[in-house]
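Thanks for coming, everyone. Let me put the model up, and then we go through it piece by piece.

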Amino acid sequence: MENMLLVGLSRKMTLERQLDVVANNVANINTTGFKADRSLFEEYLRSPAHEDNFVHADRRVSFVHDRATFHDFSAGPSEQTKNPLDVAIDGNAFLVVQTAAGERYTRDGGLQINNQGQLVTASGDPVLGTSGPIVFQPTDKEINIAADGNITVLEGTGRTDSVRGKLRLVSFADPQTLVKEGGNLYSAGQGIAAQPDTTSRVRQGFIEKSNVNSVHEMSRMIEITRTYTQISAMLQQQHDLHRTAVEKLADVPA
């Protein structure tokens, strides 16, 4: 009986953590460039609660173990904004941004120009080019971002393109090693090096929306909640049965 309670408890614990993952996905349905997280489960076998006076060894009990969460880096749908500073990345590359904690990586292409003329993210972090931060002049107009990330403008009254930089696009051999830090940013683990990405392409005037499927995630949330409720009811029934058995044993005459 105790083994069933332990198995049920292990399942409830994994459901709680799975619900946290799904809830975070739902909360970021409208976050530009957001990548959903998924839960990974596995069977965990171990010796059960047991008595030591049985002749044969007890069979191991199968528990539920949430091994890890992983990132779903599948592409989200593109939305045309016609904003010349917005970019969507076709491919596996990331934009590189400079933060107070060092270089970070993002798929959020909703870019802006701050008061200093720097190209920044929606959070105000400078977007890095191949030669450092990308800076515009007050007289710049008709910003053009080519498919390879090269940024040109028309300066002043001239009709000749002036280069302002080139977006630094990077990718990783194993993107699952990236760590989400909040603010739609990723950090690379220790010893993980970003590699220049020359195959991905940039589309100006578009943004990549979240790859979260709202219908699927809401269905998963309902399913998890129902399962948690059912297991809680089952565990309560087993607890009541155990209590009833103890009470009846106590009533047996000595």
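Let me start with a question: which residue lies over the face of phenylalanine 206? It is arginine 203, at 4.6 Å from the ring centre. The criterion for a charge over a ring is NZ of Lys or CZ of Arg within 6 Å of the ring centre and within 35 degrees of the ring normal.

Ground rules now. This is a predicted model, where local features need pLDDT of at least 70, side-chain atom pairs count only at pLDDT 80 or more, and totals for chains, interfaces and linings use all residues. Residues are numbered from 1 along each chain as its sequence is written, and side-chain values use heavy atoms, with hydrogens and water left out.

Next, the aromatics. A pair of aromatic rings is described by the distance of the centres and the angle of the planes. Rings of Phe, Tyr and Trp (its six-membered ring) pair if their centres lie within 6.5 Å; planes under 30 degrees apart are stacked, over 60 edge-to-face, and the rest tilted. By that rule, the structure holds five aromatic pairs. Take phenylalanine 73 and tyrosine 186. Their ring centres are 5.8 Å apart and their planes sit at 50°, so this pair is tilted. Where are the two partners? Phenylalanine 73 is in the loop between strand 2 (61–71) and strand 3 (78–80), while tyrosine 186 belongs to strand 16 (residues 185–187). The pair therefore ties together parts that are 113 residues apart in sequence. On terms: helices (H or I, at least four residues) and strands (E, at least two) are DSSP runs, numbered from the N terminus.

Buried or exposed? Buried means under 20% relative accessible area, exposed over 50%, and partly exposed in between, with a 1.4 Å probe and protein chains only. Tyrosine 186 is buried, at 2%. Phenylalanine 73 has 21% relative accessibility, so it counts as partly exposed.

Aspartate 72 has 18% relative accessibility, so it counts as buried. Its side chain makes a polar contact with the side chain of arginine 38, at 3.3 Å. A polar contact here is a pair of N or O atoms within 3.5 Å; within protein, one must be able to donate a hydrogen and the other to accept it, and residues adjacent in sequence count only if both atoms are side-chain atoms.

Two strands pair if DSSP finds at least two bridges between them.

Strand 11 and strand 12 pair over four bridges. There, aspartate 140 stands opposite glutamate 155. The hairpin between them has four residues in the turn, and glycine 149 there has a positive phi of about 95°. Strand 12 (residues 150–155) and strand 13 are joined by five bridges. Valine 153 faces serine 162 across that pairing. That hairpin has five residues between the strands, and glycine 156 takes a positive phi near 60°.

Glutamate 142, in strand 11, sits at about 50°, and is exposed at 52% relative accessible area. Lysine 82 has about 65°. It lies in the loop between strand 3 and strand 4 (87–90), and is exposed at 68%.

Finally, the record. UniProt, in an unreviewed entry, places "domain: Flagellar basal body rod protein N-terminal" at residues 5–35. UniProt positions follow the numbering used here, feature names are shortened, and annotations may be inferred rather than shown by experiment. In the model, that stretch is 74% helix and 0% strand, with its end C-alpha atoms 36 Å apart.
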